[in-house]
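Visitor: Could you walk me through the charged side chains here, once the model is up?
Guide: Gladly; here it comes.

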Amino acid sequence: MPTPESEAFLAKKPTVPPTFDGVDYNDTPRLKAAQDSIIKEQWVKSMMNRLIRQELQKCYYREGVNHLEKCGKLRERYFETLPDAKVKGYLFQQQNYIPGKDDPAGQDQVSAGLDRQADGVMATVPEKIAKEKADDRL
């Protein structure tokens, strides 16, 4: 059961998608909201990559010489999220926007570890890793 979101959290939650699709560049508040949303999305990807890396380090330490067999899924997930791990900013995306290619529907959010559930709550990386570990043990 998801925890209820507080008013303060809902006030800070971005209301625009992380793209410049349909943004009028003369409308400063909407432009700044889109820029802020893009930066937040990049930070989420960066922090997800950091969590995966930390779990991979723990796995390497825990498994020792068997890390090649036991930590393969974490290693693959880490390498999948590595290209998106750097916070690049919004200027390049803003100046070189291509409609249809840069919109959120064209992005693969599953590879970034951002599986969105039906109720709007995002599954976190530690939950996914714990689930995979449980599946591996069976």
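Guide: Helices here are DSSP runs of H or I with at least four residues, numbered from the N terminus. This is a predicted model, in which local features need pLDDT of at least 70, side-chain atom pairs count only at pLDDT 80 or more, and totals for chains, interfaces and linings use all residues. Residues are numbered from 1 along each chain as its sequence is written, and side-chain values use heavy atoms, with hydrogens and water left out.

Visitor: OK, how many salt bridges does the structure hold?
Guide: There are three, a salt bridge being a side-chain nitrogen of Lys or Arg within 4 Å of a carboxyl oxygen of Asp or Glu.

Visitor: Where do Lys40 and Asp36 lie?
Guide: Both are in helix α2 (residues 28-63), four residues apart, about one turn of the helix, and their side chains form a salt bridge at 3.4 Å, N to O.

Visitor: And which residue does Glu55 pair with?
Guide: Glu55 bridges to Lys58, with the closest N and O atoms 3.5 Å apart. Glu55 counts as buried at 15% relative accessibility, whereas Lys58, at 49%, is partly exposed; buried means under 20% relative accessible area, exposed over 50%, and partly exposed in between (1.4 Å probe, protein chains only).

Visitor: Switching topic, what about Arg75, where is it?
Guide: Arg75 sits in helix α4 (residues 72-81). Arg75 is buried yet has no salt bridge, the nearest side chain of opposite charge being Glu76, 4.5 Å away.

Visitor: Which residues does Arg75 touch, then?
Guide: Not counting residues up to four places away in sequence, Arg75 touches Leu56, Tyr60, His67 and Leu68, where contact means heavy atoms within 4.5 Å.

Definitions and conventions: Helix = DSSP H or I, 4+ residues; strand = E, 2+ residues; numbered from the N terminus. Lys, Arg positive; Asp, Glu negative; His and termini not counted.
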